[in-house]
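Please open the structure in your viewer and keep a selection tool at hand. The tour below moves from one selection to the next and says what can be found at each stop.

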Amino acid sequence: MSCFIAGLGVLAPGLNSGSHALRVLRGDEPYVRLDARIPMVAGLAANEMRRCPTTARYALDVGQQALAEAGWEAPRVATVFSSGSGDLEILDKNCRALIQEPIAVSPILFHNSVHNAVAGYWGIAMGSRAPSTSLSVYEDSFAAGLLEALMMASLGSPCLLVVYDTLPPAALAPVRKVTAPFAVALAVCQERPAKACTRIDWAWGPRDSEELVLDRPALEALRTSNPAARSLPLLQAMARRQAARVVLPYLAEGQLLLDVCPLPAGAATD
Amino acid sequence: MGPPRLKIAHYTLVSALGRGLNETFATLYSGRSGLQAYTTVGGLVCDVGRVSGVEDVGIPQSLSRYGCRNNLLAALALETDGFAGTVSELVQKVGAHRIGVVVGTSTSGIAVTEAAYRDPFFGNSGVLPVSFPYRETHNVFSCADFTRRYLGLTGPAFVISTACSSSAKAFATAARLIHSGICRAVVVGGVDSLCDTTLYGFQSLGLLSRTRTQPFGAGRDGISIGEAAGFAILAAPGVLEEAYGMMLAGIGDSADAYHMTAPHPQGLGAWEAMSAALAAAHRAPRDLDYIHLHGTGTIHNDAAEDLAILKLGCQETPVSSTKGATGHTLGAAGACAVAIVGLAMSEGFIPGTVNTEVRDPALQSALVLEGHRATVRCALINTFGFGGSNCSLVLEACP
């Protein structure tokens with residue numbers, strides 16, 4: 001099955017945007033691992049902005065990047081949100097509240113603790129009542145989110161995929177190895193956009209291929225630091241403007257096989 | 001022209017109503033509630049729908065790190081009504097890699113982490129020990145990971161976590177896996193278990209009933225929480241045709257884009273989900289014999305759902321909520337509703353709104369207070385969650 005990527009958003013240490021990430025992955029610019037910039041969020045009223053957790057800020061930032069590049073109207077675009085661990089900062093605060101007398105869980109932290117809180121903030125910020133799902137497949141949450149988005153697009157619904165994980169708090173760091181924040185968004189559709197885009201021929205199947213790793217050690221270290229950063233081999237293939245095959249492991253036994261073909265603007269669908 | 005209907009070829013449910021379909025039906029038919037008084041470690045007293053015997057469930061040694069209440073509850077359901085056995089037969093027929101697993105949950109095994117924060121190790125060090133089985137118990141994907149390992153399935157697996165619509169949306173992802181040709185069948189489920197986070201969280205929002213939930217009732221004051229595990233096999237045409245079951249005819253989902261916890265006051269998102277599910281099923285509102293309400297028993301949720309049903313034109317359609325019987329099982333609510341509607345179809349019975357004695361006169365839907373015999377061939381299920389996450393399913397009896 002074939003789909004097209006019409007827009008990209010990225011926010012990670014040393015990668016400030018989708019276009020910046022592509023320049024770095026193409027080798028046009030060096031990769032310099034600085035702290036990730038502060039996420040930029042548009043569309044929330046002041047009270048929602050105050051309550052909006054870090055995970056949702058990352059997700060909204062990259063989602064809005066990808067949507068702007070695709071030129072899509074948010075209210076009509078279905079969304080897929082995927083995260084390996086959700087918001088562990090909030091989990092930590094809620095668990096601490098449960099061991100203090102008197103027990104007083106914050107209502108805002110409670111509603112922010114649901115895995116789909118990010119989707120809720122997206123809907124409110126973008127005025128979107130379009131279908132949305134929120135999922136997790138732990139370390140393989142990028143491959144899983146992409147599979148869901150590719151299925152949705154192939155069945156006719158253009159959709160925005162947003163995958164994110166942020167740093168765990170100190171209490172949970174020993175049991176959850178996410179060592180860099182990373183968020184990525186892809187605008188996925190079935191019909192070829194008029195502008196330059198990337199075609200992906202995709203198939204899910206039993207694992208028979210090696211996982212693609214990155215040549216540059218600093219980028220490879222970033223790739224393994226966060227489930228969302230498993231997107232980097234796909235982004236590198238998109239950046240290099242030549243056809244390439246990318247294998248994303250999907251749990252121990254499966255894989256998502258992607259034949260990636262960057263396309264110029266304007267040409268007719270082949 | 002929408003995608004073809006898919007068969008829900010086998011299903012099971014473990015909840016406060018009982019273990020398996022026979023006990024579930026017997027309790028539903030009697031009109032009894034499964035709710036009982038409960039006190040948390042911290043002293044919060046409330047009524048909950050608790051499943052007895054979960055602590056005693058055995059799981060294989062190889063999965064011992066997965067042994068939290070949420071996964072034990074899942075194992076209990078998988079061993080009920082011959083579910084695991086049917087999956088084994090299916091593996092022989094279509095292959096383990098052609099069977100997916102999609103489970104909905106809101107809090108997974110979070111109770112294990114709550115307990116770890118109370119442990120002296122955390123008190124002394126301020127961190128969880130490296131040996132803590134976070135991935136296998138608390139992580140949101142844990143229950144799908146456990147389910148696929150328990151059943152020996154190697155197809156794609158997902159956890160869907162959209163709060164109280166999780167296991168209804170799980171059916172949507174499962175249907176896409178089949179329509180895309182990736183899977184021949186998918187084990188779809190919903191599993192959520194009692195934990196302090198949800199009890200104290202709903203209390204903090206003023207949404208936890210001080211007595212016992214009365215969905216659509218005049219004196220309703222909030223939800224009662226329950227735990228449950230429900231599983232179903234969604235199958236491509238030609239797979240498991242001989243088994244009992246029903247058809248998944250249409251799915252509709254929407255977002256409220258309104259507020260993180262409060263529903264849209266006119267039920268706009270709810271109406272959109274219901275309309276979309278009917279459109280996908282090529283059905284009109286008048287075709288519905290029954291609507292299984294989300295019906296949580298909070299003042300605003302029930303009022304918004306009522307308005308959405310009226311806007312849909314279903315003021316004559318029998319509706320009821322079973323949350324007074326099971327409690328609100330959160331991420332498992334969709335899986336509960338599918339099993340209960342399956343029983344309504346196979347047994348010819350519309351369940352009553354258990355624990356609601358006087359309906360709220362301001363609500364105009366045709367609320368069924370007392371369960372009664374009736375033919376149900378086409379039904380709609382509603383689930384609505386935090387973050388304005390709505391999902392409705394249209395189910396049909398097998399022709």
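Begin by selecting strand β1 of chain B, residues 6-15, where 10 of the 10 residues are buried, so the strand is largely enclosed by the rest of the structure. Here a residue is called buried if 20 or more other C-beta atoms lie within 10 Å of its own, exposed if 12 or fewer, and partly exposed in between, with C-beta atoms placed from the backbone. Strands (E, at least two residues) and helices (H or I, at least four) are DSSP runs numbered from the N terminus. This is a predicted model, in which local features need pLDDT of at least 70 and side-chain atom pairs count only at pLDDT 80 or more, while totals for chains, interfaces and linings use all residues. Residues are numbered from 1 along each chain as its sequence is written, and chains are lettered from A and ligands numbered from 1 in the order in which they are written.

With β9(B), residues 228-235, β1(B) pairs in the antiparallel sense over 7 bridges, and Y11(B) stands opposite A232(B). The pairing with β10(B) is also antiparallel, over 3 bridges, and there L6(B) faces L248(B) as its opposite residue. β2(B), residues 18-19, pairs with β1(B) in the antiparallel sense over 2 bridges; the two strands form a hairpin with 2 residues between them, and V14(B) has R19(B) as its bridge partner.

Next, select the open sheet of 3 strands in chain B, whose order is β3-β4-β8 and whose pairing is mixed. Its edges are β3 (36-39) and β8 (225-226), each with a single partner strand, so one side of each is left without a neighbour in the sheet. Between β4(B), residues 45-49, and β8(B) the pairing is parallel over 2 bridges, with G49(B) opposite G226(B).

Now show both chains: 53 residues of chain B are in contact with 53 residues of chain A, contact meaning that the C-beta atoms of two residues, placed from the backbone, lie within 7 Å. Among the elements of chain B that each supply at least two residues to this side are α4, β6 (157-160) and β10 (246-255). Across the two chains, β3(A), residues 132-136, and β6(B) pair in the antiparallel sense over 2 bridges, and L135(A) stands opposite I160(B).

Finish at helix α4(B), residues 110-118, which is mostly covered, with 7 of its 9 residues buried.

Methods. Two strands pair if DSSP finds at least two bridges between them.
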